[in-house]
Amino acid sequence: MTLDFSILLRFEHALLLGLWMTIKLTVICIVLGCTLGFLVGLLRTSRNLALRAISSIYVEFFRGTPVLIQLFWIFFCLPLILGVELSNLASGVIALTLYMGAITSETFRASLKSIGREQLDACVALGLPRRSQVMNVVLPQAVLRAIPTLLSNCVSLFKESALVSAVGMADLMFVGQNISNNTARPVEVLTVVALIYFAIAFPLTRAVSLAEGRILKKLAI
């Protein structure tokens, strides 16, 4: 078998569009998922037993089931239950956001528990309202301590985003599969697609290690 990677030059624009869709989807789900994860992390540290139970069930469910099944259920089943039609983009955003929220909630929960109780007691002594405590004292420290693991979660989400191709969303993987089918060149096409994912994920992975070292040094842990 003779390999011919030059054939991909004809589909350069399509691959770039697919990559842009993958990056856009990943960024949207990171922002929404981290916000959801922080809120769920707060609920999991709440003194209210019902809130802790509900948030724990959500986290364990979305961490304990395959993302692909979650995506299929949201794309095929949720519209039947709600009586509305969801696009593949909406389904992808919902599924990946819920997954990201579940895994980041554990990160935030751990960072919240690492914040000394004396700081919260000081906030109460100063008469700060709960909103100010969370926004000005808890959130900045929790985010700082969670950054290395959050970055790792973001890299994982970027790779998991390839699953949305299964519901027909025109991301990088979906475009690569179509080009592979049309050209009958799966080796060249899928190799290049894998290299594109690697070229983005590997530097981010290295950035995680760098960020972790600097933050640990700053916190003097």
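Let's begin at Cys 123, which sits in helix 5, spanning residues 117-125 (helices here are DSSP runs of H or I, at least four residues, numbered from the N terminus). This is a predicted model, where local features need pLDDT of at least 70, side-chain atom pairs count only at pLDDT 80 or more, and totals for chains, interfaces and linings use all residues. Residues are numbered from 1 along each chain as its sequence is written, and side-chain values use heavy atoms, leaving out hydrogens and water.

Cys 123 counts as buried because its relative accessibility is 4%; buried means under 20% relative accessible area, exposed over 50%, and partly exposed in between, with a 1.4 Å probe and protein chains only. From Cys 123 to Val 137 is 14 residues in sequence, and 8.2 Å in space from C-alpha to C-alpha.

What about the other cysteines? The structure has zero disulfides, a disulfide being a pair of cysteine sulfur atoms within 2.5 Å. Cys 154 is in none, and the nearest cysteine sulfur, from Cys 34, lies 5.0 Å away. Cys 154 is buried, at 16% relative accessibility, while Cys 77 is partly exposed at 29%.

Now for the inside. The largest nonpolar core has 28 residues, and Leu 25, Leu 96, Met 100 and Leu 157 touch the most other members. Such a core is a set of buried Ala, Val, Leu, Ile, Met, Phe, Trp, Tyr and Cys residues joined through side-chain atoms within 4.5 Å. Two or more residues each come from helix 1 (12-44), helix 3, helix 4 (88-113) and helix 6 (130-160), and helix 4 gives the most, with eight. Another core lies apart from this one, with 16 residues including Ile 7, Leu 19, Ala 162 and Ile 179.

Helix 4 also holds Ser 91. Ser 91 counts as buried because its relative accessibility is 0%. Setting aside residues up to four places away in sequence, Ser 91 touches Leu 71, Ile 74, Phe 75 and Leu 86, with contact meaning heavy atoms within 4.5 Å.

Finally, out to the surface. Ile 81 is in helix 3, residues 67-82, and counts as exposed because its relative accessibility is 58%. Together with Trp 73, Leu 80, Leu 82 and Val 84, Ile 81 makes a nonpolar surface patch of about 560 Å². Patch residues have over 30% relative accessible area and no salt bridge, with nonpolar side chains (Val, Leu, Ile, Met, Phe, Trp, Tyr) joined within 5 Å and like charges within 9 Å. The areas come from the Shrake-Rupley method with a 1.4 Å probe, and for residues only the protein chains shown count as cover; a salt bridge is a side-chain nitrogen of Lys or Arg within 4 Å of a carboxyl oxygen of Asp or Glu.
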